[in-house]
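This report walks through one protein structure, part by part. Please keep the sequence and the model open while reading.

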Amino acid sequence: MHNHRKTSALLDEALAKAIPKTVPRLKLLFAALLDEIDKPGDALTSVFRSKQGHEVVEVATIKRLEHGNKSPFLHLDGTANPIAAQTVFGDLKDNHFPIERNAEITLITGRSFAKMGILGRGGKRVLDGRRGEESRQLREDLKDVIASYPGAAIFSNKPVIEALGLEGNPMAGHFGAIRGRNTWEDASAVIIIGREEPPIEAVERIARAYSAKIGHDFQPANEYIKEMRGARLADGTGHPVTVRRHPDPIGDLVLKMLRDAEIEQAIDRVRLIHNRTPKQVFILAEVAPDRTVHNVGKGLDCKVGGSR
């Protein structure tokens, strides 16, 4: 056994020197195939052909975490999904303690705050004519909104933050780089512009890894589909919001973790539990976050002169 392990280690070392990038990838591929080879179904979940337009095989797996054997482990995450957490960390006991935030939350709907509509461009496409002018006017209106609340934290996609002249502003942050930070805890309000909705290919890579781990028969899709969801209102009713979702339940779970939970994380950056007076929260996006909404507006009702 000792000689076998020594020989295997020598082979690994020799192969790694010969083709350093290929060997780890092949190991990952073979390990994924081994995990799925005896599972029912004709299609593989974690091994799939890329949608990038060329012959590439991708492998999506959950990285194995190493921690002390039978050591106590406490996982704290205000926006965690229990299925996802248990998939990564193992058999966790889930305790959910919902706490209302001391805030007045206004949801602004009725128009698109999509990245392309604000920037006036997307990929190789540039908006011109009437749509280009609408984009320019939207940027000016958003700047007016931000100027109306000088003590507010502002969160959006990174290109939007740059287009609004907020790059380097300590009160601004972008999606994907805000979780767990106390930078904005003293802000008097928060303005969230748009939302982070990754391409369906990016969501499916992650969803495949989770699905393979739990034995779910993942069903890929060509595009998101629209559905009506309800934003929870303070008066006990709901407000209908049209959102996009992934047809597969694990795909939609991942989409919610990346999009909806990021909105909720942005709200909580201004620390709304122990503040004595309610803080203003403005969400400029068609979303249904897991937060109680007090006002629903159209267009840019949070702009000075608009209804609140």
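Leaving aside its neighbours within four places in sequence, which residues is Asp-268 in contact with? They are Arg-101 and Arg-291. The model examined here is a predicted one.

Asp-268 belongs to helix α9. Its relative accessible area is 11%, and a residue is called buried when this value is under 20%. Asp-268 is therefore buried.

Arg-271 is placed in the loop between α9 and β11. Its relative accessibility is 31%, so Arg-271 counts as partly exposed. The phi angle of Arg-271 is near 50°, which is a positive value in a residue other than glycine.

Strands can be joined into a sheet in two ways. Strands of a sheet pair through backbone hydrogen bonds, and the pairing is either parallel or antiparallel. In this model, 6 strands form an open sheet with parallel pairing, in the order β7-β6-β8-β11-β3-β12. Which strands are at the edges? The edge strands are β7 (172–174) and β12 (295–298), each of which pairs on one side only. On average, neighbouring strands of this sheet are turned by 20° against each other, with direction ignored.

Strand β3 covers residues 103–109, and its parallel pairing with β12 has 4 bridges. Here Leu-107 is found opposite Val-296 of β12.

## Strand β8

With β6 the pairing is parallel and has 4 bridges; Ala-153 stands opposite Val-190 in β8. With β11 there are 5 bridges, and these two strands also run parallel. In this second pairing, Ile-191 is opposite Phe-282 of β11.

How many of the residues of β8 are buried? The count is 5 of 5, and the strand is described as mostly covered. In a regular strand, side chains alternate between the two faces of the sheet. For β8, Ala-189, Ile-191 and Ile-193 lie on one side, Val-190 and Ile-192 lie on the other, and all are buried.

## Helices α8 and α9

Two packed helices are described by the angle between their axes and the distance between the axes. For helix α8 (residues 249–258) and helix α9 (residues 260–268), the axes come within 3 Å and cross at roughly 25°. Angles under 35 degrees count as roughly parallel, and α8 and α9 are therefore roughly parallel to each other.

On the α8 side, the contact is made by Leu-255, Lys-256, Met-257 and Leu-258. On the α9 side, Asp-260, Ala-261 and Glu-262 take part. The residues of this contact divide into 4 nonpolar, no polar and 3 charged.

## Helix α7

Helix α7 (residues 200–214) has 15 residues. From its first C-alpha to its last, α7 reaches 21 Å, close to the 21 Å expected at 1.5 Å a residue. After α7 comes Gly-215, with a positive phi near 80°.

Which residues of α7 are buried? They are Ile-200, Val-203, Glu-204, Ala-207, Arg-208, Ala-209, Tyr-210, Ser-211 and Ala-212. An α-helix has 3.6 residues a turn, so residues three or four places apart point the same way. The buried residues of α7 pack against α2 (22–36), β1 (47–49), α3 (82–89) and α8.

## Two loop residues

Thr-79 is in the loop between β2 (57–59) and α3. Is Thr-79 buried or exposed? Its relative accessibility is 12%, so Thr-79 counts as buried. Not counting residues up to four places away in sequence, Thr-79 touches Arg-179, Ala-261, Glu-264, Gln-265 and Arg-291. Thr-79 and Asp-290 are 211 residues apart in sequence, but 9.0 Å apart in space, C-alpha to C-alpha.

Gly-90 is located in the loop between α3 and β3. With a relative accessible area of 27%, Gly-90 is partly exposed. Gly-90 and Leu-65 are separated by 25 residues in sequence and by 9.6 Å in space, C-alpha to C-alpha.

Terms used:
Residues are numbered from 1 along each chain as its sequence is written. This is a predicted model: local features need pLDDT of at least 70, side-chain atom pairs count only at pLDDT 80 or more; totals for chains, interfaces and linings use all residues. Side-chain values use heavy atoms; hydrogens and water are left out. Axes are lines fitted to C-alpha atoms, for helices over the stretch in contact, and angles run from 0 to 180 degrees between N-to-C directions. Angles under 35 degrees count as roughly parallel, over 145 as roughly antiparallel, 65 to 115 as roughly perpendicular and the rest as oblique. Contact means heavy atoms within 4.5 Å. Ala, Val, Leu, Ile, Met, Phe, Trp, Tyr, Cys and Pro count as nonpolar, Asp, Glu, Lys and Arg as charged, and the others, Gly among them, as polar. The expected span of a helix is 1.5 Å times one less than its number of residues. Buried means under 20% relative accessible area, exposed over 50%, partly exposed in between (1.4 Å probe, protein chains only). Two strands pair if DSSP finds at least two bridges between them.
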